[in-house]
Amino acid sequence: MIRVLIADDQAMVRQGFGALLAAQPDLLVVGDAADGAQAVAAARRLDPDVVLMDVRMPVLDGLAATRKLLGDRSAQRPRVLILTTFDLDDYVYEALRAGASGFLLKDAPAADLVQAVRVVAAGDALLAPAVTRRLIAEFAARPDRRRPRPTDLAALTPRETEVLRLIARGRNNTEIAGDLVVAEQTVKTHVGRILAKLGLRDRAQAVVLAYETGLVAAGE
């Protein structure tokens with residue numbers, strides 16, 4: 001059973017998403033929150049697997065709440081799925097940098113929301129939608145952004161660097177295995193080592209870093 005917490009300042013959104021998710025046999029809505037501060041407190045109290053986090057909320061916005069939840073290494077950290085009405089959003093980009101596992105537009109089909117929760121709960125990043133990679137490419141390329149140095153990737157082997165480049169291009173493990181003619185388990189091992197060496201939480205952060213270091217560029 002996947003435990004879900006819904007954080008949104010609109011009661012109708014919380015109720016609608018709650019009813020949709022509660023109707024699924026493998027999902028359990030353990031609570032909701034009307035602002036970011038409530039979301040952090042509820043997450044620490046209820047121990048959800050996934051937090052659906054609205055970006056723009058009072059008291060504490062979704063970005064700050066995500067940073068608090070995922071920056072607290074003394075606690076069990078849930079997966080965070082960002083909800084937004086804007087696809088190109090500074091807040092969403094920074095939330096991905098902070099460790100959110102992906103984002104979803106609020107007007108996405110109901111089936112997409114249910115699938116997104118399952119994907120994120122399984123430990124995968126929600127990177128399939130092209131809009132996610134477009135958002136990362138857009139904000140990573142901005143000249144005023146502090147960019148990590150390419151030497152930040154020096155700990156990676158040539159094969160790990162190649163795998164990271166393919167991850168950033170939106171390839172999943174099965175596709176990467178086909179590209180490199182290796183077993184899928186080998187790819188999983190490479191991905192795990194990449195995240196560990198670079199101190200990253202999941203693939204979303206890996207994609208951000210790949211763009212920010214210039215390993216890949218927009219349009220590749």
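## Report on a predicted protein model

Setting aside residues up to four places away in sequence, I136 touches Y93, L96, A204, V207, V208 and Y211. The model described here is predicted. I136 belongs to helix α6, which covers residues 130–140. The relative accessible area of I136 is 0%, so this residue is buried. One of the residues that I136 touches is V207; the C-alpha atoms of I136 and V207 are separated by 7.7 Å, although the two residues stand 71 residues apart along the chain.

### Overall composition

The protein has 10 helices and 5 strands. Of its 220 residues, 49% are buried. Among contacts with a separation of 6 or more, those between residues 24 or more positions apart account for 68%. The protein exposes about 10200 Å², of which carbon and sulfur atoms supply 51%.

An open sheet is formed by 5 strands in the order β2-β1-β3-β4-β5, and the pairing is parallel. β2 (27–33) and β5 (102–105) are the edge strands, each pairing on one side only. From one strand to the next, the twist averages 25 degrees. Strand β1, made of residues 2–7, pairs with β2 in the parallel sense over 6 bridges. Within these strands, I2 stands opposite L27 in β2. Helix α1 (residues 11–22) packs on the sheet, where α1 touches β1, β2, β3 (50–54) and β4 (79–84). The direction of α1 makes about 165 degrees with that of β2.

### Helix packing

Two packed helices are described by the angle between their axes and the distance between the axes. Two pairs are set out below.

| Helix pair | Angle | Axis distance |
|---|---|---|
| α7 (residues 158–168) and α10 | about 100 degrees | 9 Å |
| α8 and α9 | roughly 110 degrees | within 8 Å |

Helices α7 and α10 pack at an angle of about 100 degrees, and they are therefore roughly perpendicular to each other. On the α7 side, L164, I167 and A168 make the contact, while α10 contributes R203, A206, V207, A210 and Y211. Of these, V207 and Y211 are also among the residues that I136 touches.

L209 is likewise placed in helix α10. With a relative accessible area of 12%, L209 is buried. The C-alpha atoms of L209 and L164 are separated by 9.5 Å, and the two residues are 45 residues apart along the chain.

In the second pair, the axes of α8 and α9 cross at roughly 110 degrees, so α8 and α9 are roughly perpendicular to each other. There, N173, T174, I176 and A177 in α8 meet E184, V187, K188 and V191 in α9.

Helix α4 spans residues 90–98, and its buried residues include V92, Y93, E94, A95 and L96. Y93 and L96 are among the residues touched by I136. G99 follows α4 and has a positive phi, near 120 degrees.

G99 is also one of the residues that D202 touches; the others, not counting residues up to four places away in sequence, are R79, A100, S101, A125 and L195. D202 lies in the loop between α9 (184–198) and α10 (203–212). The relative accessible area of D202 is 2%, and this residue is therefore buried. The side chains of D202 and S101 are joined by a polar contact of 2.7 Å.

D47 is not a glycine, yet its phi is positive, at about 55 degrees. This residue is placed in the loop between α2 (36–46) and β3. The relative accessibility of D47 is 41%, so D47 counts as partly exposed.

V181 is another residue other than glycine with a positive phi, near 55 degrees. V181 is found in the loop between α8 (173–180) and α9. Because its relative accessible area is 73%, V181 counts as exposed.

Note on methods
Residues numbered from 1 in each chain as written. Predicted model: local features only at pLDDT ≥ 70, side-chain atom pairs only at ≥ 80, totals over all residues. Heavy atoms only, no water. Helix = DSSP H or I, 4+ residues; strand = E, 2+ residues; numbered from the N terminus. Buried < 20%, exposed > 50% of the residue type's maximum accessible area, 1.4 Å probe, protein only. Polar contact = N/O pair within 3.5 Å; in protein donor to acceptor, adjacent residues only side chain to side chain. Contact = heavy atoms within 4.5 Å. Pairing = 2+ DSSP bridges. Axes fitted to C-alpha atoms, helices over the stretch in contact; angles between N-to-C directions. Areas by Shrake-Rupley, 256 points an atom, 1.4 Å probe, with all protein chains shown as cover. Parallel < 35°, antiparallel > 145°, perpendicular 65-115°, else oblique.
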